[in-house]
Amino acid sequence: MHILLAYASLSGNTREVARQIAGHCEAAGHEVVQLHTDIQTLDGVLGDPARAARFDLHLLGSWTDNAGRTPSEMKRYIEALVAAAGREIDVAVFGTGETQWGMEYYCGAVKRIARFFGSRHPALEIEQMPHGERDAARIAQWTAGVLASHHDPLTHKNDPHADHHRHLA
Ligand SMILES: Cc1cc2nc3c(=O)[nH]c(=O)nc-3n(C[C@H](O)[C@H](O)[C@H](O)COP(=O)(O)O)c2cc1C
């Protein structure tokens, strides 16, 4: 399938998670277009932003800013994405944060974005730069789960987003 993977990353932690996720998707035979929201726009990467609606799956990755907030670059991207493709798209969210900012704010942007889109996938939260076999395995498992649930018609049962392809067609 065609996957649009957009991520916001200031110091590289989320970019590294995005890199690993993209690698797993490509290894599974999917086509991934990557977009770094801090330096690229939907128009710039796709030419025509309306093309965003043609992707089967949207992966959104973000670090978390002050008090659990979504960084402005990711907010801008989401605004452009929704204008181009609406909210009835299949979105899976991942990101990085730090527990030292308080558990109530930990990876707050990941939670906010997932809620905004009503994502049916579990969110992936990694503390700072992914490291070690445990983080690598979590990223691999999360990606495999998202890819599998996209294909599995049983998971789409009773899912309001299940027929989103028909809406977009
Ligand atoms: C100004 C500032 C505020 C932050 N606030 C939070 C926060 O509220 N919650 C959180 O989980 N992490 C917070 N962090 C930590 C970053 O989200 C974390 O370091 C993240 O991994 C950075 O990702 P990046 O390397 O992709 O930019 C904050 C970092 C900065 C610089």
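Helices (H or I, at least four residues) and strands (E, at least two) are DSSP runs, numbered from the N terminus. The structure is a predicted model, in which local features need pLDDT of at least 70 and side-chain atom pairs count only at pLDDT 80 or more, while totals for chains, interfaces and linings use all residues. Residue numbers start from 1 along each chain as its sequence is written.

Among these elements, α1 makes the greatest contribution to the shell around the ligand, with three residues. Both α1 (13-27) and β4 supply at least two residues of this shell. The ligand has 22 residues around it, of which Leu10, Asn13, Thr14, Trp63 and Gly97 come nearest; a residue is near a molecule if its C-beta atom, placed from the backbone, lies within 6 Å of it. By class, the shell comprises seven nonpolar, 12 polar and three charged residues. Here Ala, Val, Leu, Ile, Met, Phe, Trp, Tyr, Cys and Pro count as nonpolar, Asp, Glu, Lys and Arg as charged, and the others, Gly among them, as polar.

Five strands form an open sheet in the order β2-β1-β3-β4-β5, with parallel pairing; two strands pair if DSSP finds at least two bridges between them. At the edges lie β2 (31-36) and β5 (124-127), each of which pairs on one side only. On average, neighbouring strands of this sheet are turned by 15° against each other, direction ignored. Angles run from 0 to 180 degrees between N-to-C directions, and axes are lines fitted to C-alpha atoms, for helices over the stretch in contact. Six bridges join β3 (residues 57-63) and β4 (residues 91-97) in the parallel sense, and His58 stands opposite Val91 in β4.

Helix α4 (residues 108-117) lies across β3, β4 and β5 and runs at about 165° to β4. Its residues Gly108, Ala109, Val110, Ile113, Ala114 and Phe117 are buried, a residue being buried if 20 or more other C-beta atoms lie within 10 Å of its own. The cover over the buried residues of α4 includes β3, α3 (72-85), β4 and β5. Just after α4, Gly118 adopts a positive phi of about 60°.

How values were computed: Contact = placed C-beta atoms within 7 Å. Buried ≥ 20, exposed ≤ 12 C-beta atoms within 10 Å, placed from the backbone.
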